[in-house]
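Work through these exercises with the model open beside you. Try each task before reading its solution.

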Amino acid sequence: MNNAELQALKEKYVAAGAASPNNQFADRAENAEVWDADGKRMVDFAGGIGVLNVGHRHPKVVAAVKAQLDKLMHTCQTVMPYAPYVQLAEKLCKITPVTGDSAKACMFNAGAEALENAVKIARCATGRHGVICFDGGYHGRTLMTLAMTGKVAGYKFDFGPMPGGVFRAQYPIPYHGVSEEDSLKSLNMLFKTDIPPKDVAAIVIEAVQGEGGFYIAPPSFMQALRKLCDEHGIALIVDEVQSGFGRTGKMFAVEHSDVKPDIITMAKSMAGGMPISAVVGNAKMMDASGPTSLGGTYSGNPLSCASALAVMDIFEEENILEKSVALGKKLEQRFTQWQETFEHVDFVRNLGPMAAFELVKDKQSRQPDAEMAGALVKKCKEKGLILLSCGLWGNSIRVLMPITIQDEVLEEGLSIIEESLKELE
């Protein structure tokens, strides 16, 4: 079927809230390239929203899934466990920086499930109920994670009252007038006005905000949070769903601050395109709840676990973290050139290849230009590039291309952005 035929089916049968506004349908993909149902090739700077750090259909991922498919598809691991689940738990516990002498892990299907369960674990371990999150944070689309998500547009409209017990502090973004000191003051004000520290189970933060705009929490801020949590017996949960697995030049973004959280959530690129997520944390905390209190029918599916194990091997065998650092330097250099060249490009930032820039009316006012961001994404699509915007104001342009992207394909995509910026100036 071609794009037009598939679009007609989508309009007739797919719920409006789930239907993509894109009228191209992916047919096949390889590393950083996708071909639609009409055969048009696209350079992929979205990576399934940060899922494909090792690229579309990495041969070792495909082989691992096929091999597992020949052995076992499903039992539900709480009914009858299987080797890939426990082997993946071992690998994750060895690479994840958390507090305590040892770590434990459990698997789920998606990032939102990981966040939901991280909160359950923290509440059980601390005997408290309150959860503090941050403006602009994105943690998922289930009701609890929607309550935790600090962005209304596109996520929270129309869905009624959110679950209680969630409080919000300011995320430090000096460019937008919120200093690190302001953010810490807002936390302390919460303790005065909304919830005392003794009732707070967890503080949940993205070390680099994903949907919120690729804003980077300063290492000193992360260290201050760690100190605050230690002082009050609060669990520190770091959401690495989008920033984890090499996206920032390290396995996890929090490693740039030398802070060890109590719990880390992860998903997206941990399995090269297969659906899986995980919660890894301090062993004592992770063991707080009773038998079979964590899990689900498909949680830690054998195929997804096998895929994740293959990704871990790829990281070691192909020096993915070194490639990530090199890619980040290339993006930083190019984005900085654009900031110097184009009147509407401002506030270039990156942690490794987790890179973004703002589109603004002018650099003096810093007024966000979401309209221009939308126009840039559209123009790039017309020229053969998949690109994403993000941020509270919808004016941040982010890139999530595979770390394994070929040099010539990277240059092709960057040139498309540059050409499009010239046309929009």
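The exercises below concern a predicted model.

**Exercise 1. Overall form**

Task: Compare the radius of gyration of the protein chain with that of a compact globule of 425 residues.

Solution: 
- Start with the rule. A compact globule with 425 residues would have a radius of gyration near 22 Å.
- Take the chain's own value. The protein chain has 21 Å, which agrees.
- Along the principal axes, the C-alpha atoms fill roughly 60 × 55 × 45 Å.
- The protein chain holds 13 helices and 15 strands.

**Exercise 2. Interior, surface and charge**

Task: Find what share of the residues in the protein chain is buried, and describe the surface and the charges.

Solution: 
- Apply the cut-off. Buried means under 20% relative accessible area.
- Of the 425 residues, 54% are buried.
- Residues 24 or more positions apart account for 70% of them.
- Now the surface. The accessible surface comes to about 18000 Å². Carbon and sulfur atoms hold 53% of that surface.
- Last, the charges. There are 43 positive and 52 negative side chains. The centres of the two sets lie 3 Å apart.

**Exercise 3. The two faces of H1**

Task: Which residues of helix H1 are buried, and which strand do they pack against?

Solution: 
- Locate the helix. H1 covers residues 3-13.
- List its buried residues. They are Asn3, Gln7 and Lys10.
- Check their directions. These residues cover an arc of only 60 degrees around the axis, which puts them on the same side of H1.
- Find the partner. The buried residues of H1 pack against strand S2 (33-36).
- Look at the other face. Turned away from the buried side are the exposed residues Lys12 and Tyr13.
- Follow the chain onward. Serine 20 sits in the loop between H1 and strand S1 (26-30). Its relative accessible area is 39%, so serine 20 is partly exposed.
- Serine 20 and glutamine 7 are 13 residues apart along the chain, and their C-alpha atoms are separated by 9.9 Å.

**Exercise 4. Buried loop residues**

Task: Threonine 149 and proline 172 both lie in loops. Is each one buried or exposed?

Solution: 
- Read its accessibility. The value is 0%, so threonine 149 is buried.
- List its contacts beyond four places in sequence. Among them are Gly137, His139, Tyr155 and Arg168.
- Read its accessibility. At 2%, proline 172 counts as buried.
- List its contacts beyond four places in sequence. They include Val178, Ser183, Ile216 and Phe221.
- Proline 172 and alanine 217 are 45 residues apart along the chain, with C-alpha atoms separated by 6.6 Å.

**Exercise 5. Buried helix residues**

Solution: 
- Glycine 47 is buried, with a relative accessible area of 0%.
- Read its contacts. Glycine 47 touches Leu52 and Leu400.
- Glycine 47 and leucine 387 are 340 residues apart along the chain, yet their C-alpha atoms are separated by 9.4 Å.
- Isoleucine 416 has 7% relative accessibility and counts as buried.
- Read its contacts. Isoleucine 416 touches Cys380, Lys383, Gly384 and Leu385.
- Isoleucine 416 and leucine 376 are 40 residues apart in sequence and 10.0 Å apart in space, C-alpha to C-alpha.

**Exercise 6. Positive phi**

Task: Where do aspartate 258 and arginine 366 lie, and how accessible is each?

Solution: 
- Begin with aspartate 258. Its phi is near 60 degrees, a positive value in a residue other than glycine.
- Aspartate 258 lies in the loop between strand S8 (235-239) and strand S9 (263-266).
- Its relative accessibility is 70%, so aspartate 258 counts as exposed.
- Go on to arginine 366. Its phi is positive, about 60 degrees, although arginine 366 is not a glycine.
- Arginine 366 lies in the loop between strand S12 (354-359) and helix H12 (370-382).
- At 38% relative accessibility, arginine 366 counts as partly exposed.

Technical notes
Residues numbered from 1 in each chain as written. Predicted model: local features only at pLDDT ≥ 70, side-chain atom pairs only at ≥ 80, totals over all residues. Heavy atoms only, no water. Helix = DSSP H or I, 4+ residues; strand = E, 2+ residues; numbered from the N terminus. Rg over C-alpha atoms; globule rule 2.2 N^0.38 Å. Buried < 20%, exposed > 50% of the residue type's maximum accessible area, 1.4 Å probe, protein only. Contact = heavy atoms within 4.5 Å. Areas by Shrake-Rupley, 256 points an atom, 1.4 Å probe, with all protein chains shown as cover. Lys, Arg positive; Asp, Glu negative; His and termini not counted. Charge placed at Lys NZ, Arg CZ, Asp CG, Glu CD. Arc of directions from axis to C-beta.
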